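Thanks for coming. I have one structure to go through today, and I will keep to what can be read from the atoms.

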Amino acid sequence: MCGIIGYTGFREAKNVLIESLKRLDYRGYDSAGIGVIDNQLQVFKEVGEIPNLEKEITVVKGTFGVGHTRWATHGKVSKENAHPQLSCNKKIALVHNGIIENFKKLRDDLEKKGHNFSSQTDTEVIVHLIDEEYKGNLEEAIFSALKKIQGSYAIVVVCEDEPGKIVGARKESPLVIGVGDNENFLASDIPAFLKYTNRVIYLDDGELCVITKNSTKVFDVNKIEVSKKEELIDWDFKDAEKSGFPHFMLKEIYDQPDTIHQTLRGRVSGIEQSIDFPENVGKLLDRNLDSINIVACGTSFYAGLLGKYLIEKLTDIPVFVDLSSEYRYFGTRNKASLVIAVTQSGETADTLAALKEAKNSDCRTLVITNVIGSTATRVADGYILMQSGPEIGVAATKTFTSQIIVLFLIALKIAVLKNKLGSDELYKYILNLKELPRQIREILERSDGIKNIANYIKDANSVFFIGRGINYPLSLEGALKLKEISYVHAEGFAAGELKHGPFALLTENTPVIAITTKDATYDKIIANIGEVKARGPKVIAIADDNDTEIDKHADFVLRFPSNSRLLSCFSITVILQLLAYHVANLRGCPIDKPRNLAKSVTVE
Ligand code: F6R
């Protein structure tokens, strides 16, 4: 889960690499390093965040080099284990994201041949293998070395003897070329070079590329040059900046009125009263569809659970939701089912594996993702983009609401195809969807009230989130958001489940957040609030502006503007995000980079 970058061009490579690493540090951040060649290879590495590394760097003038932010998988956090890793003669420098499964055997063999290792990383075997094969041509040596490697990798390599040349290769880890004028980039993620260019070429699994400042060449596993399409990314560089907010997470929460609008853009027509997706999705969402299987991890999994409620409610077709890490080994593959993978990054290893399993079992596959050209978009039969722009904060926020929008649009589309929804009803939903950005703005204006509640719960031993129906996955997501960024223990429950065990944990210092909507189970959740209060904890309800009943039952109430019942999930989500943010901020936590977590989980 590391971030990698290579640069070759006319600028001072040191500056470009450091700048790029700052944009990549959400991928991993226990240590970082750069290697720059100016006749001779010079390497700087440091434990901790990028500013620590910056302090270490002395004058270095070269215009090509590589950089890396590390999130340890093999070997402790140390300078030696930081990348770049070097060949014995210190002429070849390599950065790597992924895991080399057969590294122990390779290391033993290389040591027998006289190679001296200076780290405990799996990565170091790759650079020694390349060194072993090197006969004056870097790409040839890399082609030969990669044949011996089992595992996943994206690598970027430079050699002192081949000025201006960078070679990269990928298998099951992302790598993308940034095409500039008189300069080129190679990185694990687009934000790394977005400041310099928005022209990209995605590498596919098994491909190797050779870039210089004026050329980009891509080869397949058989060393045949392949012609690749250049794509334009319409993300604004400023989208990857904090725009004056203290944290990316807060900026991304505040982006939501706009990102929801972006996700709806081009898909929803109030005039024609229709929902439209790109052409290749049409063949996947047809009227004969009789079941759906959603696979995802973490927050995307909770979006999937929400999607189940929405799709089942509107279409009557059954939806099964599996964690990707379970589905890939144990999931029931039903050929008649459409498998929908929900993945912000499009690179989550377990979700990619689940998707491949589904394809191998002849299921039709669709991906909901935020990253065009990501591996998931190339594996699946079709994809729908969230259109939320880059998300930098480790905790998913704006991409979660965009995922729910897409799932909601899928539900509406299928409902129309199956004649379950008349045009008047569809029109009402479309109008409600278009109202969402305004409602989210209203919630954002209520942030201070949410902060007061955050102040109340910030020292709790544990916080429970409860809800029924569509509010149950929201409870799970509310708890995940709180625990991952504030380190306050939190759990989400279906409200009816408390009495089956969790009640035992309730004390006066366990505030309970009860998500309530005026639906068929409203009386039930009111009863649950009563049961909770009888055991001592204070209850904070999240309720509709029009709910006059709730004040009689809850100790505090956070309100959201009234909307169609199914669409209240968006406002509630934003309240939960702000609550988690304020608690984490009041506790002084590193909000954008919670400990032990990384943005893209590209290893199993
Ligand atoms: C939590 C969070 C993670 C991701 C999960 C899946 O805030 O962001 O739980 O949702 O790692 O990532 P994607 O959606 O990229 O597959």
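Predicted model: local features only at pLDDT ≥ 70, side-chain atom pairs only at ≥ 80, totals over all residues.

What surrounds it? There are 13 residues around the ligand, and the closest are Ser300, Gln344, Ser345, Thr348 and Glu484. By class, that shell is made up of 7 polar, 4 nonpolar and 2 charged residues.

Which elements supply the shell? Two helices, α9 (298-315) and α16 (471-486), each give at least two residues. The most come from α9, with 3 residues.

Now the individual contacts. On Glu484, a polar side-chain atom is 2.5 Å from an oxygen atom of the ligand. On Ser345, again a polar side-chain atom, the distance to a ligand oxygen is 2.6 Å. Ala396 takes part through its backbone: an N or O atom there lies 2.9 Å from an oxygen atom of the ligand. As for cover, the ligand on its own has 410 Å² of accessible area, and the protein covers 90% of that. The space that the ligand takes up is the largest pocket.

Next, salt bridges. The count for the model is 40. I will show one of them, Lys61 with Glu12, where the closest N and O atoms are 3.7 Å apart. Why pick this pair?

Last, the backbone. As background, most peptide bonds are trans, and most residues other than glycine have a negative phi. I have one exception to each.

The peptide bond that joins His83 and Pro84 is cis, with omega at about 5°. Pro84 sits in the loop between β4 and β5 (85-86).

The other exception is Asp362, which is not a glycine and yet has a positive phi of about 65°. Where is Asp362 in the fold? Asp362 is in the loop between α11 (349-360) and β21 (364-369).

That is what I have for today.

Terms used: Residues numbered from 1 in each chain as written. Heavy atoms only, no water. Near = heavy atom within 4 Å. Polar contact = N/O pair within 3.5 Å; in protein donor to acceptor, adjacent residues only side chain to side chain. Areas by Shrake-Rupley, 256 points an atom, 1.4 Å probe, with all protein chains shown as cover. 1 Å grid on protein atoms, 1.4 Å probe; cavity = no way out; pocket = protein on both sides within 12 Å on 5 of 7 lines; lining within 4 Å. Sits in = over half its atoms within 2 Å of the grid points. Helix = DSSP H or I, 4+ residues; strand = E, 2+ residues; numbered from the N terminus. Nonpolar A, V, L, I, M, F, W, Y, C, P; charged D, E, K, R; others polar. Salt bridge = Lys/Arg side-chain N within 4 Å of Asp/Glu carboxyl O.
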